[in-house]
Amino acid sequence: MRATVRCNRPTSGMTTVRHGWLLVTEVVLNAVSKVYPGGHLAVDDLSLHVRDGELFVLLGPSGCGKSTVLRMIAGLEEITSGDLMLGDAFANGLDPRERNVAMVFQNGALYPHLSVRGNLAFPLEIAQDDATATREKVVELAKALGLDPMLERRPSTLSGGQRQRVAMGRAIIREPSVFLMDEPLSNLDAALRTELRMEIAALVRSLGVTTLYVTHDQVEALTLADRIAIMRQGVLQDVGTPQQLYVDPATVFVAAFLSSPYINLLQANAWAVENEGVILDFGGQRLTVPWTDPRATAFMACHGSSVLVGIRPDALTPVSEPDPGRVLSGRLRSLEFHGHEWMAYAEAGIPAVDPDEVTRPQKVPVATPAPPTASGRLKSSFGRLFGSAEEAVADEPGVGTGHSGHHRRSDLVFRIGSSRGLTQGSTVHLAVDMDRILVFGGDGARVDRVQR
């Protein structure tokens, strides 16, 4: 798609006025909360800084408050507490028309009695712009959006993707300082979403306009965003680039939400052992983080405590032989063909944790750590901090048959390119990429330092 239209935007940090609207370059929310009548807390103490020209995605499950944030920025919802800054202007009390933001909704919200040309021109006609300039802008924008052959058609004769292009064009033609997009692709089929997603990314980046995009689709977020903010029940969970949030998530919820298929989230007890490292004890199996690993010191603080270990499916590789400390074993339960790859599920007898239950202490199935030996003695020169390898893990790794007690099966999920040599019911040994394991405390927060 050709995207040649340019918005005349102010230099960074400046706020000017055109047609009575603010021209802004960044959006800042400082401790913003929204409480609806009846006491429902939709957004809780949210602080964000959306940079000049950034394509910023608000991601989270339905009902997490992300659309409410967008509506507060647009002025469609009143802020209960906190501050909203548009550029260098305090915007809490500004009317929606004074904010110079343009919003694209899920259903496009076009005027059904107007043609494509009429819908595109409507904002400029309301602003009483020059008629000749308006016609030229409409034609130029229609070409950029691939809408020029259908300028005289009504919305009812257009496809879903075409209607969304018209809605975007109507927003763009005003030359706003901020685009607000509220799940604009959710009503489209998968193929059209992929096509239009690429077009949206190319268009907003060519325009250089600060854009906030709301979605519950992790693929949209990862492919579109310069940065992502993940929300849960009105609370901000993490902010970073797509790669930062995927590789280095701050919480269990973030790691699980940005995972398809779902991340292996396993319950373990951590033991610091002098001559080995930090052992993650799953009961009948274990992984060992050596002292040479820079994360070992942080993991050591969890000695004797229950932790959650996250392992993404592509961090597990089938191998021929078990290797205690680096390999987990299980019995192959099922295989799924996904065209370009297979998904495999192995019953390992390791309790699997539901990420939705983490940080709800009364519902999290936390195991009580047993002492390393019957006597409870720790035989290290490091005093009571360390135990021996024999004390920390009493059993050799093996294949278990237990379940975790909730709806998520205690399977190890892993990806393979071919199912050759694998049969249901056979024992599989899975080497773990130890550099990629994620360790979380009982509150769902990462144990080691998150890099941002």
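The model is predicted: local features require pLDDT of at least 70, side-chain atom pairs count only at pLDDT 80 or more, and totals for chains, interfaces and linings use all residues. Residues are numbered from 1 along each chain as its sequence is written, and side-chain values use heavy atoms, with hydrogens and water left out. The protein has ten helices and 22 strands, where helices (H or I, at least four residues) and strands (E, at least two) are DSSP runs numbered from the N terminus.

**Overall fold**

- Of the 452 residues in the protein, 50% are buried; buried means under 20% relative accessible area, exposed over 50%, and partly exposed in between (1.4 Å probe, protein chains only).
- Among contacts (heavy atoms within 4.5 Å) between residues at least 6 apart in sequence, 72% join residues at least 24 apart.

**Helix α4**

- Helix α4 covers residues 160-172, and its 13 residues reach 18 Å from the first C-alpha to the last, close to the 18 Å expected at 1.5 Å a residue. The expected span is 1.5 Å times one less than the number of residues in the helix.
- Because ten of its 13 residues are buried, α4 is largely enclosed by the rest of the structure.
- The buried residues of α4 are Gly161, Gln164, Arg165, Val166, Ala167, Met168, Gly169, Arg170, Ala171 and Ile172.
- These buried residues pack against the strands β8 (101-104) and β9 (178-182), and against the helices α2 (116-126), α3 (131-144) and α5 (190-207).

**Largest pocket**

- The largest pocket holds about 620 Å³ of space. On a 1 Å grid over the protein atoms alone, a cavity is a set of points where a 1.4 Å probe fits but cannot get out, whereas a pocket is an open set with protein on both sides within 12 Å along at least five of seven lines; lining residues have an atom within 4 Å of a point. Grid points are joined across faces, edges and corners, and a volume is the space filled by probe spheres set on the points.
- Twenty residues line the largest pocket, and those closest to its centre are Val101, Ala102, Met103, Pro123 and Arg174.
- The elements β8, α2 and α4 each give two or more residues to this lining.
- The lining of the largest pocket comprises 16 nonpolar residues, one polar residue and three charged residues. Ala, Val, Leu, Ile, Met, Phe, Trp, Tyr, Cys and Pro count as nonpolar, Asp, Glu, Lys and Arg as charged, and the others, Gly among them, as polar.

**Helix α1**

- Helix α1 (residues 66-74) is mostly covered, with seven of its nine residues buried.
- Lys66, Thr68, Val69, Leu70, Met72, Ile73 and Ala74 are the buried residues in α1.

**Backbone geometry in loops**

- The peptide bond from Ser260 to Pro261 is cis, with omega near 0 degrees, and Pro261 lies in the loop between α8 (252-257) and β13 (264-273).
- Asn100, a residue other than glycine, has a positive phi near 55 degrees. Asn100 belongs to the loop between β7 (89-90) and β8 and is buried, with a relative accessible area of 0%.
- Gln233 also is a residue other than glycine with a positive phi, here near 50 degrees. Gln233 sits in the loop between β11 (227-232) and β12 (235-240) and is exposed, with a relative accessible area of 54%.

**Buried residues and their partners**

- His429 lies in strand β21 (residues 427-432) and is buried, with a relative accessible area of 17%.
- The side chains of His429 and Ser329 are joined by a polar contact of 2.7 Å. A polar contact is a pair of N or O atoms within 3.5 Å; within protein, one must be able to donate a hydrogen and the other to accept it, and residues adjacent in sequence count only if both atoms are side-chain atoms.
- Ile230, in strand β11, is buried, with a relative accessible area of 0%. The C-alpha atoms of Ile230 and Gly60 are separated by 5.5 Å, although the two residues are 170 residues apart along the chain.
- Ala348 is placed in the loop between β19 (342-347) and α10 (389-392) and is buried, with a relative accessible area of 3%. Its C-alpha atom is separated by 6.7 Å from that of Ser410, 62 residues apart along the chain.
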